Amino acid sequence: MQNVLTFPSYIFKMNIVQFEGGDFINTVVTSKEAILDVSRQLMQKQGWKAINIRSVASACGVSVGSIYNYFDSKSDLTAAVVESIWLDIFHFPKQEHCFKNMGFPDCVQWIFDSMKQGAEKYPGFFTLHSMGFFEEDKEKGRQYMNRAWEHMQHALYAVLQNDGKIRPDAFDEILTPEKFADMVFSLIISAFIRQNYDSSAVLEMVKRIVYP
């Protein structure tokens with residue numbers, strides 16, 4: 001069997017069966033994450049059309065039945081791949097401990113940088129979301145996208161509250177820290193939809209409004 005992708009040998013536990021004609025297939029995969037890792041590679045190289053049970057099984061070098069041991073349907077597989085890509089783009093949960101050490105502009109810049117890197121690493125991924133995602137999986141796709149953005153929104157607010165460089169009089173009853181974080185987050189979402197990863201205008205606005 002021709003290998004579609006290369007991947008670390010330790011990912012899979014080999015249970016080799018030889019068929020007539022000399023082809024080999026691995027019948028046992030060690031983990032769900034191993035399948036998702038290969039699926040992300042498929043997405044990067046071949047796009048979303050390659051994400052289906054048969055092509056993922058072929059790329060993993062396992063039987064179709066092995067994939068069904070972890071995912072009940074193509075929809076379940078696709079949703080899991082979507083979630084894993086969002087986690088990879090924003091480095092969840094590895095990034096969480098770094099938020100407390102960031103200033104607010106640093107956090108904004110990190111989000112823009114992550115979006116840009118994600119767009120480059122997974123071509124077409126953001127476009128699918130901005131266009132409403134796959135017709136058959138759009139609800140799950142939206143759920144995972146919203147979950148990623150909610151995490152970012154909470155991170156922005158937390159970083160803002162802990163930023164000691166902000167002017168003491170920057171906020172009042174009209175412009176609260178929470179409303180300001182929401183406003184900045186809305187600008188980030190707008191940039192995502194337009195696929196504009198230039199943070200300069202947003203950062204300049206932030207500096208003029210809340211810093212000395």
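Buried means under 20% relative accessible area, exposed means over 50%, and partly exposed lies in between, with a 1.4 Å probe and protein chains only. Pro177 is partly exposed on this scale, at a relative accessible area of 27%.

**Notes for all views.** This is a predicted model, in which local features need pLDDT of at least 70, side-chain atom pairs count only at pLDDT 80 or more, and totals for chains, interfaces and linings use all residues. Residues are numbered from 1 along each chain as its sequence is written, and side-chain values use heavy atoms, with hydrogens and water left out.

**View 1. The whole chain has 10 helices and two strands.** Helices (H or I, at least four residues) and strands (E, at least two) are DSSP runs, numbered from the N terminus. The order along the sequence is β-β-α-α-α-α-α-α-α-α-α-α. The chain has 212 residues, and 42% of them count as buried. Contact means heavy atoms within 4.5 Å. Of the contacts with a separation of 6 or more, 69% join residues 24 or more positions apart. The accessible surface is about 11700 Å², and carbon and sulfur atoms hold 51% of it. Accessible areas come from the Shrake-Rupley method with a 1.4 Å probe; for residues, only the protein chains shown count as cover.

**View 2. The largest nonpolar core holds 61 residues.** Such a core is a set of buried Ala, Val, Leu, Ile, Met, Phe, Trp, Tyr and Cys residues joined through side-chain atoms within 4.5 Å. Trp86, Phe104, Met115, Phe125 and Trp149 touch the most other members. Elements that give two or more residues to this core include α1 (32-46), α4 (74-89), α6 (104-121) and α8 (138-162). α8 gives the most, with nine residues. In soluble globular proteins, nonpolar side chains tend to be buried together.

**View 3. Phe125 and its contacts.** Neighbours within four places in sequence are left aside here. Phe125 then touches Met43, Trp48, Val82, Ile85, Trp86 and Ile89.

**View 4. The second largest pocket has about 170 Å³ of space.** On a 1 Å grid over the protein atoms alone, a pocket is an open set of points where a 1.4 Å probe fits, with protein on both sides within 12 Å along at least five of seven lines; lining residues have an atom within 4 Å of a point. Grid points are joined across faces, edges and corners, and the volume is the space filled by probe spheres set on the points. The lining has 14 residues, and Lys32, Phe71, Ala80, Glu83 and Tyr144 lie nearest the centre. α1, α4 and α8 each supply at least two lining residues. The largest share, six residues, comes from α4.

**View 5. Pro177 lies in helix α9.** Neighbours within four places aside, Pro177 is in contact with Tyr157, Leu160 and Phe171. Pro177 and Gln161 are 16 residues apart in sequence, yet their C-alpha atoms are 7.1 Å apart.

**View 6. Gln195 sits in the loop between α9 and α10.** Gln195 is not a glycine, but has a positive phi of about 55 degrees. Gln195 is partly exposed, with a relative accessible area of 37%.

**View 7. Gln117 is in helix α6.** Gln117 is partly exposed, at 46% relative accessible area. Gln117 and Phe90 are 27 residues apart along the chain, with 9.5 Å between their C-alpha atoms.
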